[in-house]
Structures are given as structure tokens and as C-alpha cells.
Amino acid sequence: MMRFPQTLRRRIKDFHESESGSSNIELALLVPLLAVITFGLLTFFQAFKAKTQATRAATVVSDMVTRETNPITPEYLAGIEGLMDTIIESDANPEYRLTAFTWNKRSEDYRVRWSKERGDQPVLTRTALNEVADQLPTLKHGQRAILLETWVDYEPMTNFGMTEATTFKNFLVAAPRFVPQLCWMGANVTDPTQAKC
């Protein structure tokens, strides 16, 4: 068995029991580590907050639209835009698209009744709607539903943990609650019976 020389053992023991030294070294090692952890947590907290606000805004708007008994108008869409601006802090111009659609049993596909957007996204077409058919519920022939899609941009405040801008997308489908269908009445239509349903 190999034995350490007596003097080496004594020096190791003295070093182990010694309480002298400088706390500056520990501080110099720990401060950068704590700063990285703190900024990383702040970055993820802010991203989580932005995602929560985007989801909350989409849920509130979807719930509001499904309770509507009057036709949707351009003024109503402007109100949705203002509401989303109020709820969402991370994006000054959140985008959304509101689409009323139905199921056609004869052609075995979804049909867009009307679609309106605010932002850079195009209105939803029949082809584009059927491309996301796996995300849509099963409907009876002629049954109506409403699809709300939102896009909220988020730019991280620091480069700790998240280095790229992110877009939080929400995709919500709901049925009108108090009327069988939700209609659209454009700015030039004054008679509600002429609304597109």
C-alpha cells in the first residue's frame, strides 16, 4: 500500500482546515453565473407571459364572437383589433383571421362562408381550409362553425436562452352559441337581411 509522506499529509490537512483566504475569488466566479441564470429566467418568463397573453386574447375574442347574435361588421373587427392591442403587450400589431365555415356532406369537404383578416395573412380559401381539415371538428351537413387564428410576434429582450424572434400562433374553432350561423355585413350593406351568412 502506498503511503503519502508525512509532510504532504500535514499540508493537505492544513489546507483543508484553513479558513483564511479571499471571498473575492468566489464572488468573481459566482456573479457571472448568477447573472446568466437571472437573465435566462427573465427571458423565459417574458416569453411565457407573451404566449399567455396571446392565448388569452385569442380565447377572449373567440368567446366574444361565438356569443354574437348580430352580423359581424368592419366596426366590430376594428373593436377586436383594439381589444387584442389592449391584452397583448409584446406585439403592437397582432394579426388575426376570422372565418365562418360549414361542412358539405355531398362534396365531403369544408366550405368557407366568409373570411376576414387583419394583418399580413390572406383571407382563408376553401382549399386552404381543407388543408387543415385534420385540425377541424367533425360537423353535420350544413352545420356552421367559426375559426379564429391569431399571430403574435415576440422579440426576446435578451439573448440568454432565446436568440430568435418567435411568432405565437393560436388556432381556435367554436360554434355560434345563440344563433345557428354568424353572418358578415360589409360597410356598404345597410340591410341585415342582405348579410352574407
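Buried means under 20% relative accessible area, exposed means over 50%, and partly exposed is in between (1.4 Å probe, protein chains only). This is a predicted model, where local features need pLDDT of at least 70, side-chain atom pairs count only at pLDDT 80 or more, and totals for chains, interfaces and linings use all residues. Residues are numbered from 1 along each chain as its sequence is written, and side-chain values use heavy atoms, with hydrogens and water left out.

**View 1. Here's the bond between cysteine 183 and cysteine 197.** The two form a disulfide (a pair of cysteine sulfur atoms within 2.5 Å), with their sulfurs 1.8 Å apart. Cysteine 183 and cysteine 197 both sit in the segment after β4 (166-174), 14 residues apart.

View 2. Cysteine 197 comes out at 22%, so it counts as partly exposed.

**View 3. Now peek into the largest cavity, with about 40 Å³ of space.** A cavity is a set of points, on a 1 Å grid over the protein atoms alone, where a 1.4 Å probe fits but cannot get out; lining residues have an atom within 4 Å of a point. Among the residues lining this one are Val61, Ser62, Leu98, Ile146 and Leu172. The lining splits into 8 nonpolar, 1 polar and no charged residues.

Notes
Helix = DSSP H or I, 4+ residues; strand = E, 2+ residues; numbered from the N terminus. 1 Å grid on protein atoms, 1.4 Å probe; cavity = no way out; pocket = protein on both sides within 12 Å on 5 of 7 lines; lining within 4 Å. Points joined across faces, edges and corners; volume = space filled by probe spheres on them. Nonpolar A, V, L, I, M, F, W, Y, C, P; charged D, E, K, R; others polar.
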